[in-house]
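The following explanation leads through one protein model, from its overall form to selected side-chain pairs. Please keep the sequence and the structure in view while reading.

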Amino acid sequence: MKLCFNQATTLKNSNLVKDLKHCEKHGYDYIEIRTMDKLPEYLEEHSIEDLAEFFKANHIKPLAFNALVFFNNRDDAGHRAIVDEFKSMMIMAEKLGVKYVVAVPLVTEAKILKEDIKNSCVEVLAELSEIAEPFGVKIAVEFVGHPQCTVNTFGQAYDIIDTVNRDNVGLVLDCFHFHAMGSSLEDLKKADGEKIFILHIDDTEDFPIGFLTDEDRVWPGHGAIDLDSILSILKGIGYSGVASVELFRPEYYELEAEETIKTAKETTIQVISKYFALQNL
């Protein structure tokens, strides 16, 4: 297994240039690039070609664009905006060699029937799949473990991508989101490991289901998530992707970015290495 860094972990105390520098120094294999803020900030003073040259000259490579946000159950204008954004991502992904686009379902106060959520997700993902295919990019759907997210459990998300049934559409399994809404380990055991494209490794303080927020995340192995069971099952179902550390902890934003990046790697290795052989570390 290879190790990836998600830029949310240094969201408030770093930028893409610094993250790349420190991740390269500390031996990460991949980075998830935040397209909502960190990439636009980078492009104010650099070009996509500059970024492509960096990746050619260094060990670290781009894993994913994170993220295409709120892709389902949109009005016509919202849907067109999602498609246009995705198409622009494809152009940049081709230049950089990005493998995945993380797609996040709609978060809303509105009550939407599960059938309507599924139908919208399947329809949009099938459309995006056709757009992505010529570029060789895969779509990794990330369910969000919060009551107001339209897709908030592993089982619900897996049913959606299984219905789409396309090789370039799969899941992000974020351990925090899996835990936060009580996703079922039995559902994970029944899954095809090849349909899980990215593992987000993290941990959390021990709050009840439905009350957890991203800010409750802590270093892997320092919280209440049953990471041993999740990782053991992933190994058993043949998961072969990367482990991408993703934390949103306010206290960690007070640290120097390099310290955060170093500690994130060390704690991740301690947890992952019990179940997966780590490459190039």
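Predicted model: local features only at pLDDT ≥ 70, side-chain atom pairs only at ≥ 80, totals over all residues.

**Salt bridges, aromatic pairs and overall form**

At 46% relative accessibility, lysine 95 counts as partly exposed. The partner of lysine 95 is glutamate 49, with which a salt bridge is formed, the closest N and O atoms lying 3.5 Å apart. Because lysine 95 belongs to helix α4 (residues 76-96) and glutamate 49 to helix α3 (residues 48-57), the bridge ties together parts that are 46 residues apart in sequence. Glutamate 49 is likewise partly exposed, at 45% relative accessibility.

In general, side chains of opposite charge can pair when their charged atoms come close. Another of these bridges joins glutamate 258 to lysine 25, with 2.7 Å between the closest N and O atoms. The pair links distant parts of the chain, since glutamate 258 lies in helix α11 (residues 257-272) and lysine 25 in helix α1, 233 residues apart. Glutamate 258 is partly exposed, its relative accessible area being 25%, whereas lysine 25 is exposed, at 59%.

What is the setting of arginine 217, buried or exposed? Its relative accessible area is 0%, so arginine 217 is buried. The side chain of arginine 217 meets that of aspartate 214 in a salt bridge, at 2.8 Å from N to O. Aspartate 214 counts as partly exposed, with 28% relative accessibility. Both residues take part in a network of salt bridges that also links Asp174, Asp202 and Glu246.

Attention now turns to the aromatic side chains. A pair of aromatic rings is described by the distance of the centres and the angle of the planes. In this model the count comes to seven aromatic pairs. For phenylalanine 5 and tyrosine 28, the ring centres are 5.6 Å apart and the planes stand at 75 degrees, so the pair is edge-to-face. Phenylalanine 5 is part of strand β1 (residues 3-6), while tyrosine 28 is in the loop between α1 (16-25) and β2 (30-34); the pair therefore ties together parts that are 23 residues apart in sequence. Both phenylalanine 5 and tyrosine 28 are buried. Elsewhere, one aromatic cluster is formed by Phe143, Phe154, Tyr158 and Phe178.

The charged end of lysine 138 sits over the ring of phenylalanine 197, at 5.2 Å from the ring centre. In a second case, the charged end of lysine 235 sits over the ring of phenylalanine 276, 5.6 Å from its centre.

Along the principal axes, the C-alpha atoms fill a box of roughly 45 × 40 × 35 Å.

Contacts and surface complete the description. Of the contacts between residues at least 6 apart in sequence, 81% join residues at least 24 apart. Buried residues account for 54% of the 281 residues. The chain exposes about 12,200 Å², of which carbon and sulfur atoms supply 48%.

Key:
Residues numbered from 1 in each chain as written. Heavy atoms only, no water. Phe/Tyr/Trp six-rings, centres within 6.5 Å; stacked < 30°, edge-to-face > 60°. Helix = DSSP H or I, 4+ residues; strand = E, 2+ residues; numbered from the N terminus. Buried < 20%, exposed > 50% of the residue type's maximum accessible area, 1.4 Å probe, protein only. Lys NZ or Arg CZ within 6 Å of the ring centre and 35° of its normal. Contact = heavy atoms within 4.5 Å. Areas by Shrake-Rupley, 256 points an atom, 1.4 Å probe, with all protein chains shown as cover. Salt bridge = Lys/Arg side-chain N within 4 Å of Asp/Glu carboxyl O.
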